[in-house]
Amino acid sequence: MVDVFLETERLVLRRFTESDVDNLVWLDSDPAVMRFLTGEPTPRDEIEHEVLPAILRAYALGPAGRWAAIERSTGKFVGWLALQPPDDGSVGEVELGYRLAASVWGRGYATEGARALIRKGFTELGVHRVWAQTMAVNIASRRVMEKAGLTYVRTFHLHFDDPLPGTQHGEVEYELRHDHWSALVHT
């Protein structure tokens, strides 16, 4: 039985299961998908023994987390979207995240899913602030954040031993607070 968390016009967001290892390996093996993340595929062993178990453990901590994105028209796994809570599972402040297959980029899935998650977070889960970060040069991801209603907060610089191209321009943070979202929705 599939545990559906949320449905949009074109996506079904469901809980991950142990059988999703191949889906995550496939997603993280695409160099275009990983370009602004690690620059290289996530090893299968890491997905199987660290990434997926952490996703599954988080479901027990609270209502927020990461969900497999399934394209409604095809039934295919196309990536994931998240309202990632801090390690304690609380939902006051959650991180918006998305990682979709390059084959579905440009279709508006990330924005559609992000908006639906934000609405659910603010109306049902008790979220007060949604935030997101990406590399400053990741214009496509920044556009999704903006289209989902988040606004720019800051640019900051992290040190990396093996930096990705563009790292010198920094990372950016965006946010959307419940009161601001509520005012936008009711105007």
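Visitor: Why does Trp 181 count as buried in this predicted model?

Guide: Trp 181 has a relative accessibility of 11%, and buried means under 20%; Trp 181 therefore counts as buried.

Visitor: Why is Phe 122 called buried?

Guide: The relative accessibility of Phe 122 is 6%. The cut-off is under 20%, so Phe 122 is buried.

Visitor: What makes the pair of Phe 122 and Trp 181 tilted?

Guide: The ring centres of Phe 122 and Trp 181 are 5.3 Å apart and the planes stand at 45 degrees. Phe 122 lies in helix H4 and Trp 181 in helix H6, so the pair ties together parts 59 residues apart in sequence.

Visitor: How many aromatic pairs does the whole structure hold?

Guide: The search finds 5. One of them joins Trp 26 and Phe 77, with ring centres 6.2 Å apart and planes at 70 degrees. Planes over 60 degrees apart count as edge-to-face, so this pair is edge-to-face. The pair links helix H1, which holds Trp 26, to strand S4, which holds Phe 77, 51 residues apart.

Visitor: Why is Trp 26 called partly exposed?

Guide: Its relative accessibility is 44%. Buried requires under 20% and exposed over 50%, so Trp 26 counts as partly exposed. Phe 77, at 9%, is buried.

Visitor: What makes Arg 66 lie over the face of Trp 80?

Guide: Arg 66 is at 4.3 Å from the ring centre of Trp 80, and the distance criterion is within 6 Å.

Definitions and conventions
Residues are numbered from 1 along each chain as its sequence is written. This is a predicted model: local features need pLDDT of at least 70, side-chain atom pairs count only at pLDDT 80 or more; totals for chains, interfaces and linings use all residues. Side-chain values use heavy atoms; hydrogens and water are left out. Rings of Phe, Tyr and Trp (its six-membered ring) pair if their centres lie within 6.5 Å; planes under 30 degrees apart count as stacked, over 60 as edge-to-face and the rest as tilted. Helices (H or I, at least four residues) and strands (E, at least two) are DSSP runs, numbered from the N terminus. Buried means under 20% relative accessible area, exposed over 50%, partly exposed in between (1.4 Å probe, protein chains only). A charge sits over a ring if NZ of Lys or CZ of Arg is within 6 Å of the ring centre and within 35 degrees of the ring normal.
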